[in-house]
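This report concerns the overall fold of a protein chain and the arrangement of its aromatic side chains. The sequence and structure are shown first.

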Amino acid sequence: MHRHETDAGVLVPGIGAPSTVACLRSLRPRGIPTVVASETAETPAASSTYCDDFVRVPDPRADLHAYGDALLELANRPDVRTIIPVREEDVYVLANRKDAFAEVVETNWPDFETLRRVQDRVELFAAADAAGVAVPETAVFDQWDDWEQETIVKPRYTVAAPAYLGSNTDVESIGSTEYQIPGAPPDPQALVEERGHMPLVQERIDDSREFAFFALYDEGKPVATFQHCQRRGWKYCGGPSAYRETVYDQDLEDAGRAILDELEWHGLAMVEFLRDESDEEYKLMEINPRFWSSLPFSVRAGADFPYYYWQQALGEPIEDDASYEVGIGGHLLRGELSHVHSVLTEEYPMVERPSLPSTLVDVAASLVREPRFDYAVADDPAPFFQDGLNLLRAFRESRSDPEPVVEDENDRERSRSNELPQIEPLVRDDDEAEPPSPTSQGITQASHQLDD
């Protein structure tokens, strides 16, 4: 990089998940200027006390190339020293054009070939096998033949991008993860047409808890790590994080480090596992190569990853004794509301629905016992209220949607079981995955991208 202004700061894409706001709240009080770039001015980060400047950019899901052009143009600003990726599209663009970005900013993210090994789950699971990290039984859809067991269908890739789907694809979304009812395989042609590629099939792990190993790596070496366990998701079957608690487990640490070491990783990573109680192993689900949506909780627990990221970008040492407090919890209030709504209104055939009274007691007790919130903080209240307005807007839009056509008795049953509208999150990806809804072939599960 040729530019070394001492007063330069960070560019952070503005999304609906709380990760952008967490970066601003960590860095701006330290005197580091912040620029938020988003396709919508309604992103909560734009209203933050700690946002110095807001810039409108193209929607990456509508035009990924134009979005990359816009980020590169912003990277040339004298007040931008580095860029922080907070969603899959961000890190894809940054890695795919790393040489161009390296001319003007510090590039604290992997090269594209390494990123591809993470965003293509076939390559990721091959790397896990080489590293000795367990994974659920998985195959490309057209190679799977056992539809009698409980399975899920999930995208092969984590982002709809030309390098994965081809330059002529017009698919904006590769879909989410879907439960498949045993004995009812989906139509392969319909799946490929909808998703733009041949997805994966994976055995279902019967545990809604999700464990995550978070890390910042520097050229293959870990410089900061963190762990949490998701206790409640957006849905009672799982999905993005609503309530999580800090943990430390040496087996989880070993598995997370093993796969990142195998990848010779550089930059941010959230390594997600489910624990298979049948063999007491952590099994790899995916890696999110960017900041996670539960980032505010990581910072509150003592793992200040945005500041670590900034220090690494500038070549400054990160304290070796940096630690976090184990056994504390934190909430995304919107996620808690969605969880309660899920218990009240939804059915998942392969997951037992908890009772509403016990759910309300659990949520209320944890709110009192662990009053840490991703958006709601006293010194920066505006993002919390903006997020609430966005939620209300989404709720109104869901109620105004036309009644779907009911074609058969099965469709009528599904329609009756979902008469109340779903409370949708405002973004679609990890932490940003949409809440699940019934499908004609299976039951959609919120994507195993936590943040989350």
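## Overall architecture

In this predicted model, the chain contains 15 helices and 15 strands. It comprises 452 residues, of which 57% count as buried.

Among contacts with a separation of 6 or more, 69% join residues 24 or more positions apart. The accessible surface of the chain is about 18100 Å², and carbon and sulfur atoms contribute 47% of that area.

## Aromatic pairs

A pair of aromatic rings is described by the distance of the centres and the angle of the planes. The chain has 18 aromatic pairs. One of them is formed by Phe 305 and Tyr 308, in an edge-to-face arrangement with 5.6 Å centre to centre and 70 degrees between the planes. Both residues belong to helix H11 (residues 305-313), where they are three residues apart, about one turn of the helix. Phe 305 and Tyr 308 are both buried.

Phe 384 and Phe 385 also form an edge-to-face pair, with 5.4 Å centre to centre and 70 degrees between the planes. Phe 384 counts as partly exposed because its relative accessibility is 29%. Phe 385, at 54% relative accessibility, therefore counts as exposed.

## Aromatic cluster

Phe 305 and Tyr 308 are also members of one aromatic cluster, together with Phe 214, Phe 226, Phe 291, Trp 292, Phe 297, Tyr 309 and Tyr 324.

## Arginine side chains over rings

Arg 30 lies over the face of Tyr 307, 3.8 Å from the ring centre. For Tyr 282, the charged end of Arg 275 is positioned over the ring at 4.7 Å from its centre.

Methods
Residues are numbered from 1 along each chain as its sequence is written. This is a predicted model: local features need pLDDT of at least 70, side-chain atom pairs count only at pLDDT 80 or more; totals for chains, interfaces and linings use all residues. Side-chain values use heavy atoms; hydrogens and water are left out. Helices (H or I, at least four residues) and strands (E, at least two) are DSSP runs, numbered from the N terminus. Buried means under 20% relative accessible area, exposed over 50%, partly exposed in between (1.4 Å probe, protein chains only). Contact means heavy atoms within 4.5 Å. Accessible areas come from the Shrake-Rupley method with a 1.4 Å probe; for residues, only the protein chains shown count as cover. Rings of Phe, Tyr and Trp (its six-membered ring) pair if their centres lie within 6.5 Å; planes under 30 degrees apart count as stacked, over 60 as edge-to-face and the rest as tilted. A charge sits over a ring if NZ of Lys or CZ of Arg is within 6 Å of the ring centre and within 35 degrees of the ring normal.
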